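Here are my notes on the model you sent over.

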Amino acid sequence: MMLKAAVIGLAALLSANNANSQETTESDTRWSISVGANYRQNLMGPEVDRDMEEMNAGYRPVFAGFKPIGVDPNFFNMTLTLKRDFPITDELGMRSVLWLAGMGGLDKDLYDETYALCIPPPSGRQVGDARITFNSGLVGYFNASLGAEFYYRPLDWLYVHTGVLAGVAYLQTDAQLQTILIAEPDVAEDLRNIGIPSHVNVLTESSGVGWSATLYAGLEFRFYDLGVYANAGYVFEEIELQSNSDVYLDEVLDEEKERQTLQQNWGPFAELGLTYYF
């Protein structure tokens, strides 16, 4: 009788332990969704540097103290991340990752300078002023990447992780370069007669698709089903851009240009966000 009771008790204990183990495993192998903000500082690559140099080449010999036109490669992304945990031990595990990032509608007044217009340039008789402006806009950026993440949990509420992502990226931008001569009407007319327009307006639209790879590491502080994370890493990205430019001279379309540029968006990033586990 006692032997039978012991067997029944042992079976009940094993059953309870198995149920607890299964419950722990199910709670560990959970899904999570994160929303964050990502700040990127990119190296634009030699093709963009070449474009800027060509843009500046015509102004350097004309205006004394000319400040070169440049681009600002910093921008924010909003990110959405979906993960699935796969524990290896109580402290170690890995995750599958789907990472989405996007942003659009950002305009920057990158350059606005006024120079003395002299004949002969750059230091002759001043006949007016020349205002040069350059604006760039991020119409849209989207990145969809898949990857894997490894984590270590030294404390119940602290996770240390590192991961790698690979995917595709889409970029669409626009830019406007203007040169406006500010001079008396008779002077402006004389300049037009020798081939110097009063208003040059170059409108450029670019778009393209390319590949993206990301390496990152970070920390997450978890409280029940919520987490707060901070990541830092490096993005490798190359996008084949198709650019179309319309050149207007005194409000009249003078030329249409097309070109392809391999844009390298390489650089570090930092990301902060919130995570919900379910």
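1. Let's start inside. The largest cavity holds about 110 Å³ of space. Of the 13 residues that line this cavity, the closest to its centre are T81, W99, Y216, N231 and E271. The lining gets at least two residues from each of β2, β3 (92-103), β7, β8 and β10, and it divides into six nonpolar, four polar and three charged residues. The classes go like this: Ala, Val, Leu, Ile, Met, Phe, Trp, Tyr, Cys and Pro are nonpolar, Asp, Glu, Lys and Arg are charged, and the others, Gly among them, are polar.

2. A word on where the numbers come from. This is a predicted model, with pLDDT of at least 70 needed for local features and 80 or more for side-chain atom pairs, while totals for chains, interfaces and linings use all residues. Numbering starts from 1 along each chain as its sequence is written, and side-chain values use heavy atoms, with hydrogens and water left out.

3. How the spaces are found: on a 1 Å grid over the protein atoms alone, a cavity is a set of points where a 1.4 Å probe fits but cannot get out, whereas a pocket is an open set with protein on both sides within 12 Å along at least five of seven lines; lining residues have an atom within 4 Å of a point. Points are joined across faces, edges and corners, and the volume is the space filled by probe spheres set on them. The count by this rule is four cavities of 30 Å³ or more.

4. Now the open spaces. About 1100 Å³ lies in the largest pocket. It is lined by 40 residues, and M52, M55, F134, A175 and T204 are the closest to its centre. Two or more lining residues come from each of α2 (46-57), β2, β4 (106-119), β5, β6 (158-183), β7 (199-223), β8 and β9 (252-264). By class, the lining has 18 nonpolar, 13 polar and nine charged residues.

5. The second largest pocket has about 300 Å³ of space. Its lining has 16 residues, with V62, F63, L117, L181 and I196 the closest to the centre. How does this lining divide by class? There are 13 nonpolar residues, three polar and no charged. The largest share, three residues, comes from β4.

6. For the overall layout, the protein has three helices and 10 strands; these are DSSP runs numbered from the N terminus (helices H or I, at least four residues; strands E, at least two). Their order from the N terminus is α-β-α-β-β-β-β-β-α-β-β-β-β. Of the 278 residues, 35% are buried (under 20% relative accessible area; exposed is over 50% and partly exposed in between, with a 1.4 Å probe and protein chains only).

7. Take a look at β10 (residues 267-277). This strand runs antiparallel to β1 (residues 31-41), joined by nine bridges, and also pairs in the antiparallel sense with β8 (residues 226-249) over 10 bridges. Pairing here takes at least two DSSP bridges between two strands. Which residue in β10 is the bridge partner of Y229? That is G273, and G273 also stands opposite G36.

8. On to the rings. The whole structure has 11 aromatic pairs. Rings of Phe, Tyr and Trp (its six-membered ring) pair if their centres lie within 6.5 Å; planes under 30 degrees apart are stacked, over 60 edge-to-face and the rest tilted. F75 and Y141 make an edge-to-face pair, 5.7 Å centre to centre with 65 degrees between the planes. F75 is in strand β2 (residues 74-87) and Y141 in strand β5 (residues 125-155), so this pair ties together parts 66 residues apart in sequence. Both are buried, F75 at 14% relative accessibility and Y141 at 4%.

9. Compare Y234 and F236: their ring centres are 4.9 Å apart and the planes are at 50 degrees, so this pair is tilted. Y234 is partly exposed at 27%, and F236 is partly exposed at 28%.

10. Last stop: ring pairs link Y59, F63, F66 and Y115 into a cluster. F66 is in the loop between α2 and β2 and is buried, at 13% relative accessibility.
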